[in-house]
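Let's walk through this model together, beginning at a loop and ending inside the fold. Keep the structure open beside you as you read.

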Amino acid sequence: PSPLMMSNERKRVTTGGVRFNLLSRNYDLGCEFIFNEWPPGSSTGKEKYIHEGIECGLLLEGELEGEMGERTYHLKPGDSITYRSDIPHRINNRGKKTARGVWVNSKPWIFSVK
């Protein structure tokens, strides 16, 4: 198979209004490489959640609010965040613009369970 993946070939999952786009052909790389889009008012869930691994995210556009444990972090374009996924967390877009970013989950879970 070609190492190039066209945008129309991507696997996509939508949860809580957030659109997750797998940037690699499969998720057997030992991680998930994802382009995320959070429309205004969307969130990764009604409640914080946990899963295995570590997440790293780079916000490209818009603004996000990251809730990790008892702390809240505000991300703007160019900001990155890294956190353990076993800490209860949730990402929200409380802004008026769609937020877009690239995320890596060190242990595949979004596309391996959907």
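Glu70 is exposed, with a relative accessible area of 79%; here exposed means over 50% relative accessible area, buried under 20%, and partly exposed in between, using a 1.4 Å probe and protein chains only. Before going further, please note that this is a predicted model, in which local features need pLDDT of at least 70 and side-chain atom pairs count only at pLDDT 80 or more, while totals for chains, interfaces and linings use all residues. Residues are numbered from 1 along each chain as its sequence is written, and side-chain values use heavy atoms, with hydrogens and water left out.

You will find Glu70 in the loop between strand 5 (64-68) and strand 6 (71-75). Strands, at least two residues of E, are DSSP runs numbered from the N terminus, as are helices, at least four residues of H or I. Although Glu70 and His89 are 19 residues apart along the chain, their C-alpha atoms are separated by 9.1 Å.

The open sheet has three strands in the order 6-5-8, with antiparallel pairing; two strands count as paired if DSSP finds at least two bridges between them. Strand 6 and strand 8 are its edge strands, each pairing on one side only. From one strand to the next, the twist averages 15 degrees, based on axes that are lines fitted to C-alpha atoms (for helices, over the stretch in contact), with angles from 0 to 180 degrees between N-to-C directions.

Five bridges join strand 4 to strand 7, and the two run antiparallel. Along this pairing, Ile54 stands opposite Arg84, and Leu58 has Ser80 as its bridge partner. Strand 4 is also joined to strand 9 by six bridges, again antiparallel, with Cys56 partnered by Val104 in strand 9.

Staying with strand 9, look for Asn105, which is found there. Leaving out residues up to four places away in sequence, Asn105 touches Cys31, Glu32, Ile34, His51, Ile54, Glu55 and Ile110, where contact means heavy atoms within 4.5 Å.

The structure holds one cavity of 30 Å³ or more, and the largest cavity has a volume of about 90 Å³. On a 1 Å grid over the protein atoms alone, a cavity is a set of points where a 1.4 Å probe fits but cannot get out, and lining residues have an atom within 4 Å of a point. Grid points are joined across faces, edges and corners, and the volume is the space filled by probe spheres set on them.

Of the 14 residues that line the largest cavity, Phe20, Asn36, Tyr49, Glu55 and Trp103 are the closest to its centre. Strand 3 (32-38), strand 8 (89-92) and strand 9 (99-105) each supply at least two lining residues, and strand 3 gives the most, with three.

Terms used:
1 Å grid on protein atoms, 1.4 Å probe; cavity = no way out; pocket = protein on both sides within 12 Å on 5 of 7 lines; lining within 4 Å.
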